[in-house]
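Hi there,

Here is the structure I promised to pass on. Have a look first, and my notes on its aromatic residues follow below.

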Amino acid sequence: MDWFYAIVYGIVEGITEFLPISSTGHLILTGNLMGVPWTKEVKDTFEVVIQGGAILAVLAYYWKDFLQIRHIGRDKIQQNLWLGVVVACIPAVILGVLFGDTIKAYLFRPSVVAWALIVGGILMWLIESRRVTPNVDAIEKIGVRRSLLIGALQCLALLWPGFSRSASSILGGMVLGLDRPTATKFSFYLGVPTLGGAALLDFIKSRDILAEIGVLNVLLGAAVSFVVAYLSIGWLLRFVSTNNFKPFAIYRVVVGVLILVLIAAGVLNNGNLA
């Protein structure tokens, strides 16, 4: 059954990684409801590594844009864009190094994730309801200062598991004046170094752990994640071009409440997941 679990995890990861609905929350539900027999160490490592498939989907979707980085030595626009991306990642790296283990030890549990989904959904609704006219319509116009602020707001997902990296970076961008498509695209860009680095590091450090379920199953999960994430990226960009995020806000609240109900019913264990 390992191949089946790998496929389901890949589908869930691919759909939820870039939508503002928390991949963490959905992977928790998926693993618990399927009764995956893997050890916690194997499951946690597998979930991080298959993020690599989603990151490759971003690179594939924007391959023409990423190729422009070869002109960075003489292209001021590319220099400012990628400086902004790098700067935006710094707060998350610092917090991860300093407090990552502490956060996992005390906050990485289903009830915390559930409340993060609910509160994030309410904030999403309020931000959309009080939306001001955006003044940034391209990622090249974001600037280093605004990028750093978005990166700092992105850390909310690290400090509060389940809030969603995509949600915090997209909502942060919108609050700072980015229109929805631009905020969404910048969130994709930020995911490449942030999630890609974590996936690569875990793969290198945990090859022996992943060997318990087989390298082919890991590759299968990552491949499924790649395909589904590629489709999700295109869908989300089309969606935000003509719609707001209120449907996602409602969905987050519903899923958060569902997790709390499952905990109360004893179906979902609220023990520490770290």
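**Aromatic side chains**

W38 is buried, with a relative accessible area of 11% (buried means under 20% relative accessible area, with a 1.4 Å probe and protein chains only). Before you read on: this is a predicted model, where local features need pLDDT of at least 70, side-chain atom pairs count only at pLDDT 80 or more, and totals for chains, interfaces and linings use all residues. Residues are numbered from 1 along each chain as its sequence is written, and side-chain values use heavy atoms, leaving out hydrogens and water.

Rings of Phe, Tyr and Trp (its six-membered ring) pair if their centres lie within 6.5 Å; planes under 30 degrees apart are stacked, over 60 edge-to-face, and the rest tilted. That rule gives 20 aromatic pairs. One of them joins W38 and F46 edge-to-face, at 5.0 Å centre to centre with 70 degrees between the planes. F46 is buried too, at a relative accessible area of 0%.

Y62 and Y189 also make an edge-to-face pair, because their ring centres are 5.6 Å apart and their planes at 65 degrees. Y62 is buried at 7% relative accessible area, and Y189 is buried at 1%. Both belong to one aromatic cluster, whose members include F18, W82 and Y230.

Two charges are worth a look as well. The charged end of K246 sits over the ring of W125, 4.5 Å from its centre (NZ of Lys or CZ of Arg within 6 Å of the ring centre and within 35 degrees of the ring normal). R252 has its charged end over the ring of F163, 5.4 Å from the centre.

Best wishes

Methods: Buried means under 20% relative accessible area, exposed over 50%, partly exposed in between (1.4 Å probe, protein chains only).
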